[in-house]
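Reader: Hey, I've just opened this one for the first time. Can you walk me through a few spots?
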Amino acid sequence: MGDQILGLLIYCIPALVTGAIAFLFFREHTDNDNNRRNFILKESLQKESLTVRLQAYERLALFLERISPQNLLRRVLPISAKNEDYKSLLVSTIEQEFDHNLSQQIYVSDQCWRMLTSAKNSSIQVIMAFENNNVKDANEMPPLLLESLLKSKISPAMALNFLNEEVSILLK
C-alpha cells in the first residue's frame, strides 16, 4: 500500500510541476498582454489629450490677444460720449470673452489659470479706476487708457508669455 502511494506520487509530482510551470507561464503571458494593451490605450489617449490641451491653449492665447489693450481698444469703440458707458462696455467685453473660455481651465495648470485670471482682473481694475480730467468724452479715452493699461502689473502680454512657456514645456 505504501509502495502504491509512493508510486502514485512519483507519477503525479512531474505532472503537478509541469502544470504549475504552465500556469505561471500562462499568467505571465496574460499579464504582459494586458500591460501591452493598457500601454497602447494610454498612448492613444495621451495623443488625443495633447490635441485637446493644445486647442485649449490656442483658445486662451486668442482670449489674451483679444483683451490686450491695443486690440481691445481698437475693436471696442465708444457707443456714447459718456466715459462710464465706455468703461462699462470694455469691462463687459472682457468678461464675455472670459466667460466664453471658462471651460478651458480644466486643460491648463492652476498656476497658468491664475495668471490668466490675474491679467483679466488687472485690466478690469485699470479700466474701472481710470480717471483723467482732460478727457471730455469717451472718444478721447482710448489713447490715454491704452497708456494706463500698458503700465498694469499683470498684463495680458505677461500671461501670454506664461502660456507660451507652459506649452513649450508640454511639447518637450
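Reader: What joins the side chains of Glu131 and Lys87?
Author: A polar contact of 3.2 Å. That term means a pair of N or O atoms within 3.5 Å; within protein, one must be able to donate a hydrogen and the other to accept it, and residues adjacent in sequence count only if both atoms are side-chain atoms. This is a predicted model, where local features need pLDDT of at least 70 and side-chain atom pairs count only at pLDDT 80 or more, while totals for chains, interfaces and linings use all residues. Residues are numbered from 1 along each chain as its sequence is written, and side-chain values use heavy atoms, with hydrogens and water left out.

Reader: OK, and where does Glu131 lie?
Author: In the loop between helix H4 (110–129) and helix H5 (141–150). Helices here are DSSP runs (H or I, at least four residues), numbered from the N terminus.

Reader: Is Glu131 buried or exposed?
Author: Exposed, with a relative accessible area of 59%. The cut-offs are under 20% for buried and over 50% for exposed, with partly exposed in between (1.4 Å probe, protein chains only).

Reader: What does Glu131 touch?
Author: Glu84 and Lys87, leaving out residues up to four places away in sequence. Contact means heavy atoms within 4.5 Å.

Reader: Which residues of H3 are buried?
Author: Tyr86, Lys87, Leu90, Val91, Thr93, Ile94, Glu97 and Phe98. Seen down the axis of H3, they fall within an arc of 150°, so they line one face of the helix. The arc is that of the directions from the helix axis to the C-beta atoms.

Reader: Why would residues three or four places apart point the same way?
Author: Because an α-helix has 3.6 residues a turn.

Reader: And what's exposed on the other side of H3?
Author: Gln96 and His100.

Reader: New topic: how many aromatic pairs does a search of the whole structure find?
Author: It finds 2. Phe63 and Phe98 form a tilted one, 5.9 Å centre to centre with 55° between the planes. Rings of Phe, Tyr and Trp (its six-membered ring) pair if their centres lie within 6.5 Å; planes under 30 degrees apart count as stacked, over 60 as edge-to-face and the rest as tilted.

Reader: Which parts of the chain does that pair link?
Author: Distant ones: Phe63 is in helix H1 (residues 2–67) and Phe98 in helix H3, 35 residues apart. Both Phe63 and Phe98 are buried. Ring pairs also link Phe63, Phe98 and Trp113 into a cluster.

Note on methods: Helix = DSSP H or I, 4+ residues; strand = E, 2+ residues; numbered from the N terminus.
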